[in-house]
Structure formats: C-alpha cells, structure tokens
Amino acid sequence: MTSPYADLPYDDRIRSLLGPLRTGFRLVNRWLTVPALNSGLGPLLSTPMTGSILVLRTVGRKTGLVREAPLGYAVVDGRIVVIAGYGRACHWFRNAVAEPQVEVVLPGAVLLGRAEEITDPVERRRAFRAVTAALGVIGRATLGDVERAADAHVDELAQAFPVLAITPTAIAPGPYEPGGTFWRIPLAATAVGIAAVVMAGARRRRTRRTHA
C-alpha cells in the first residue's frame, strides 16, 4: 500500500518516521500541548527544541465542530503564519480554507482572525523561511537549513507544505483576560511556595529541639 506521505519532499529517513511521529504527536497534543496552551502555559512550551507553538481553532468542514491543532508559527508583517507539515491533506488546513474565520491561541493572548493561503512566490518564500526558523531544532531536523537553501528548493517545499497566514481581526477572551483561568496557576504556585516555607521552618525547629 502506498504511503500517504510518499509525495512529501522529506528524506527517506524522516518519511519512514512520519506515521509513528504523527500518532505520538496526536497523543501529546491532546493531553499536554493543547490543555497547556489553553490554560495560559504557552510560554513554558516555547523552547529552542520545540520552537514557538500556538493552537489554531478551525471549524470542521464536515462536522461544524471546533477543531484544535497545535502548530509552530512565526509573525510576519503583522500576520500569524503557519505551515501544513503533512501537506494539503492536513485537516486543519482544509478546514481553514473552507471556513477562513479562525481563532488563534497564542502564548499570551487569544485572537480572532481571517486565514488565507499565501500564494505569491516572494511572500510565501519569506514566510516559509520565517516559520521553519521559528520551529527550532525540530524544523531544522525535518526540513534542513531552509534559511540558506536556494529559492527554488524553498518553492518546492512551500508547494508541498502550503503556508497559511492569519490576519488578526479581534481579541477574544482567554486565560489571561479578566475572568480567565490563568489566575489559578500563580495562586497554586504561591500556595505551594508558602507550604514549602512552612514545612522547612517546622523541620528546622524539630532539628533544633532534637539537638537540644
């Protein structure tokens, strides 16, 4: 049976790993990445290894239900730019093309926006390079040194992995906004810190009594 990734311009080693990687990412994204970003912990997930991560919320083109996809991103000319790493068959990409009104959960805010594919070669090339640079070690390991690659090679990659730009149109309620949920995190951290100080003090008092 032909691999669904056979036409994607990855090298053979990466292509052979795409199936297991996709399955693993689904589990991690469902139980860790998406809940963390939705709770306001996005800044903790942005590292040189993982790159910059957002959650893109689209409306399912068949179900009409909200779908969430964690993606690497960059900001180019005031727009949020993402790449369909599994090609045009990506459900989130097809959803966004069918219904361009989307929602973006950034590490520090939630935005409403309008999505459109970038097709201008020069603009697409620049956006593709920006996103792959923002993907950190993972982007370089899977796509190579795109920043220094020839324009023709970047065009080939961008044709296989379409680039979507999201123009922000409004700010949506999020975990950091009044009434949001992020307050629970510093409150819990403060409570844990106080408990640790109290326990350390009690331990020192017990130690002094024992030596006395």
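**Working through a predicted fold**

Reply: Asp77 counts as exposed, since its relative accessibility is 60%, and that value, like the rest of what follows, is computed from a predicted model.

Me: OK, and where is Asp77 found?
Reply: Asp77 sits in the loop that links β3 and β4.

Me: What is phi of Asp77 near?
Reply: Phi of Asp77 is near 55°, which is a positive value in a residue other than glycine. For background, most residues other than glycine have a negative phi.

Me: Let's step back to the whole protein. How many helices and strands are there?
Reply: The protein has seven helices and seven strands, and, read from the N terminus, its elements follow the order α-α-β-β-β-β-α-β-β-α-α-α-β-α.

Me: How much of the protein is made up of buried residues?
Reply: Of the 212 residues in the protein, 37% are buried. As for contacts, when those with a separation of 6 or more are considered, 66% come from residues 24 or more positions apart.

Me: Now the sheet. In what order do the strands come?
Reply: The sheet is open and is formed by seven strands in the order β2-β1-β5-β6-β7-β4-β3, with antiparallel pairing. The edges are taken by β2 (66-72) and β3 (74-76), and each of these has a single partner strand, so one side of each is left without a neighbour in the sheet.

Me: And how are neighbouring strands turned against each other?
Reply: On average, and with direction ignored, neighbouring strands of this sheet are turned by 40° against each other.

Me: What joins β5 to β6?
Reply: Strand β5 (residues 101-105) runs antiparallel to strand β6 (residues 110-117), and five bridges join them. The two strands form a hairpin, with four residues between them.

Me: Which residues in β6 are opposite Val102 and Val104?
Reply: The bridge partner of Val102 is Gly113 in β6, while Val104 stands opposite Leu111 in that strand.

Me: Which strands does helix α3 lie across?
Reply: Helix α3 (residues 91-98) lies across β1 (53-59), β2, β4 (79-83), β5, β6 and β7 (163-172), and it runs at about 55° to β1. Helix α4 (residues 121-134) also packs on the sheet, where it touches β2, β3, β4 and β7, and its direction makes about 75° with that of β4.

Me: How do α4 and α6 cross?
Reply: The axes of α4 and helix α6 (residues 151-160) come within 10 Å of each other and cross at roughly 85°. Angles of 65 to 115 degrees count as roughly perpendicular, and that makes α4 roughly perpendicular to α6.

Me: Which residues meet there?
Reply: From α4, the residues are Pro121, Arg124, Arg125, Phe128 and Arg129, and they meet Asp151, Val154, Asp155, Leu157, Ala158 and Gln159 in α6. By class, the contact of α4 with α6 holds five nonpolar, one polar and five charged residues.

Me: What about α4 and α5, at what angle do they pack?
Reply: α4 and helix α5 (residues 136-143) pack at an angle of about 120°, with their axes 6 Å apart, and that makes α4 oblique to α5. In this contact, Phe128, Thr132, Ala133 and Ala134 in α4 meet Gly136, Gly139 and Leu143 in α5, which gives four nonpolar, three polar and no charged residues.

Me: Switching to aromatics, how many aromatic pairs does the structure hold?
Reply: The structure holds one aromatic pair. The ring centres of Trp92 and Phe93 are 6.1 Å apart and the ring planes stand at 85°, so the pair is edge-to-face.

Me: Are Trp92 and Phe93 buried or exposed?
Reply: Trp92 and Phe93 are both buried.

Me: Last one: where is the place of Pro35?
Reply: Pro35 lies in helix α1 (residues 12-38) and counts as partly exposed, with a relative accessibility of 33%. The C-alpha atom of Pro35 is separated by 9.8 Å from that of Val55, which is 20 residues apart from Pro35 along the chain.

Notes: Residues numbered from 1 in each chain as written. Predicted model: local features only at pLDDT ≥ 70, side-chain atom pairs only at ≥ 80, totals over all residues. Heavy atoms only, no water. Pairing = 2+ DSSP bridges. Axes fitted to C-alpha atoms, helices over the stretch in contact; angles between N-to-C directions. Contact = heavy atoms within 4.5 Å. Parallel < 35°, antiparallel > 145°, perpendicular 65-115°, else oblique. Nonpolar A, V, L, I, M, F, W, Y, C, P; charged D, E, K, R; others polar. Phe/Tyr/Trp six-rings, centres within 6.5 Å; stacked < 30°, edge-to-face > 60°. Buried < 20%, exposed > 50% of the residue type's maximum accessible area, 1.4 Å probe, protein only.
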